[in-house]
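Visitor: Could you take one part of this model and go through it closely, with the cut-offs behind each term?

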Amino acid sequence: MTTLTTALLALSLAQAPQTLTLQEALHRADEMNLDLQAARTRVTQAKANVWKAWSGHLLQVGASGSWNQNDRLAAFQLPDGSGGTITATIQPRTQLAGQAQATQVLLAPQLWFAIQSAYRAEDAVTFSVEN
């Protein structure tokens, strides 16, 4: 046997096909099929659109705040009616303000149709992928 023949024989033995079970073969084909991966992505996107449609019913919460430092205090004296005076502040030197807001939709017919449409789109994509 020549060196070339021996090398080819060794190479063919090293690259001998391995035996796969049916489950392993299906799993490999499933992982490597780009069409199936794209289809799974479309299904995931359709499910995300359903959640997005439902998000209109979620509680919306917001908060804000501010702090102001003014140059000087603005105040003046007012008589209190008993011969004394009281100080009335127009603009304090330091001002703090805050606001919190929470809203929730109780009745929104446009959301009913959007949710129903999202579910139908999800079903259509799922059926398309299954086919």
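Guide: A residue is called buried under 20% relative accessible area, exposed over 50% and partly exposed in between, with a 1.4 Å probe and protein chains only. The model is predicted, so local features need pLDDT of at least 70 and side-chain atom pairs count only at pLDDT 80 or more, whereas totals for chains, interfaces and linings use all residues. Residues are numbered from 1 along each chain as its sequence is written, and side-chain values use heavy atoms, with hydrogens and water left out.

Isoleucine 86, placed in strand E3, illustrates the middle class, being partly exposed at a relative accessible area of 43%.

Within H3, Ala39, Val43, Ala46, Val50 and Ala53 are buried. They lie on the same side of H3, because they cover an arc of only 85 degrees around the axis, the arc being that of the directions from the helix axis to the C-beta atoms. These buried residues of H3 pack against helix H4 (109-130), while Leu34, Thr41, Thr44, Trp51 and Lys52 are exposed on the other side of H3.

Setting aside neighbours within four places in sequence, histidine 57 is in contact (heavy atoms within 4.5 Å) with Gln104, Val105, Leu111, Trp112 and Ile115.

How values were computed. Helix = DSSP H or I, 4+ residues; strand = E, 2+ residues; numbered from the N terminus.
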